[in-house]
Amino acid sequence: MGTVFQNQQDVLIDLIYQIPSDPTAWDKFAKILLHILDASYVHLQAIDFSYNVLSFSHGMGDLARELYAQAELNYLRFPLEADPRWPVFLNPQRQGWYQCHTHVTEEFVQSSDLYQLILLPIGLRYVASHELIRDEKLCIFWSVSTTAKRKPLNAEELHFLDTLNIHLRRLVAVQRHQFEFEAQSIAGYTLIDKLPQPIMLLNLSGQMVHNNQAMHRIIQQGDLLSIQQKTKMLQLAEPFNAQLEEHFYHIEFLLRRQISDQLLNERCIQLIDDQGRVAYLFLNLLVSAQEKLTFGTRPLVMLTLYQPQNNEYHSQLFKIFDCFSTGVILLTHDQKVFYQNAYASQLLEKSSLLNVSQKHVLKAQGEFQNKLSKLLLEALADDSGLDRNLVMYGQDQQEILTLNISAIDQNAVHQRIGAGPKVLAVFFKQLNQKRSLEAKYLKQLYQLTPREIQVCMHFFQGLDLAEIAEVSHLTLSTVRTYLKQIYLKMHCSSQSELMKLLMNAVID
């Protein structure tokens, strides 16, 4: 064993045993390995075979965390069969270190979108992986990745890593519960089973973990949702299934960037069945206090189904919105406020940007009034169900309000069930901090040019395309060209999606 390895061995072993009491010890451990092995990434993962889901994932590399987070998010969207490494690694007959170069050819790498678009840009050409625990329930393993230039780990380097395996096995055996996808620790089944509302627990891959009897009856009916027998994946009719997947993606996007929970609050999807009946799916992220202290865990989402009856339509919705930790204001088709939850009332009392007039009209300060009115009218006229977003700033940006506007009822439904005109919902949060877009973040994560970043800055400040063209001294067609390039680089397709991504790129 080389001198460098021998000198660092005791330090690394000591760090392993610090991990249970010091969450930063794993990162310190990984950084030393990255240095002495000239590696690009050190990764600890777990697969829970009960749900066939990646239940734990935490890695460390030399690049910005955001780049790895985005790469892993994009990786999760690739089908499993796109990665030829899994079948070989998980083969029960395989022993010792798995190394991908033994069967993943350079020809495959050159033709694979997975490698070309996700793995290679962050230096993950070669990987060596070793299981720490492997049984019928769980596989916990760690990996060391290297670049194409660096080449795979050699026999001496793997032998050095073998000396760490025994200590890592002890660690994960003691902390095994943190790697299992265990719903009981987050939300007890007993409580959920007693509730009369249809409730389901899902992981962020969309797989059902548990449901109560009320939800089981809904599943058996098969009108609104279903569960795939083999994969346990929740299925909704389109376009609702795509909306659900986008919610899961966005939640994990925020979690992996360790973004504050300002955008992790309740989410709602409106469903319409073949008979024109309306139902609502409310999604709540379940994160325990312990999970917030534990790196790598993937929490659950609690999905509650609400099916309103015509005679109790609004009163039942009010009961749900009253529990929200997000401000909720409901408006009629003529933009008159007829409901606001307690949290909204608290925010409005403190806000200088938004208020409800004595005539029950929702009013925004100054220049934002026209933008708000425009978005409300668009939401009323649009039957696509798309959300609309608005960011409002106070003087010197000491107060920021983020608004999400959606029509929670569709005209086609009302014509069939006679429930009346559309209802608009405004969900909003207040940020009492001075924040701005982080240009370096946008450049590093999305490779935006200075001009593209400038367009993003103006858009984030609430300017429309014509206004951006005017203040930037550009033509409208040029701004649209920049916007198309921004969409392509940031993997989004609409202004609302772009705004959501930009909301995650703010700094104090």
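Modeller: Happy to. The chain has 21 helices and 21 strands, where helices (H or I, at least four residues) and strands (E, at least two) are DSSP runs numbered from the N terminus. Please keep in mind that this is a predicted model, in which local features need pLDDT of at least 70, side-chain atom pairs count only at pLDDT 80 or more, and totals for chains, interfaces and linings use all residues. Residues are numbered from 1 along each chain as its sequence is written, and side-chain values use heavy atoms, with hydrogens and water left out.

Now to the rings. Searching the whole structure gives ten aromatic pairs; rings of Phe, Tyr and Trp (its six-membered ring) pair if their centres lie within 6.5 Å, and planes under 30 degrees apart count as stacked, over 60 as edge-to-face and the rest as tilted. One of them joins Phe 29 and Trp 142, whose ring centres are 6.2 Å apart with planes at 45 degrees, so this pair is tilted. It links distant parts of the chain, since Phe 29 sits in helix α2 (residues 25–37) and Trp 142 in strand β5 (residues 138–146), 113 residues apart. Both Phe 29 and Trp 142 are buried, meaning under 20% relative accessible area (1.4 Å probe, protein chains only). Tyr 280 and Phe 282 also make a tilted pair, because their centres lie 6.4 Å apart and their planes are at 35 degrees. Tyr 280 and Phe 282 are both buried. Finally, Phe 29 and Trp 142 belong to one aromatic cluster together with Trp 26 and Trp 97.

How values were computed:
Buried means under 20% relative accessible area, exposed over 50%, partly exposed in between (1.4 Å probe, protein chains only).
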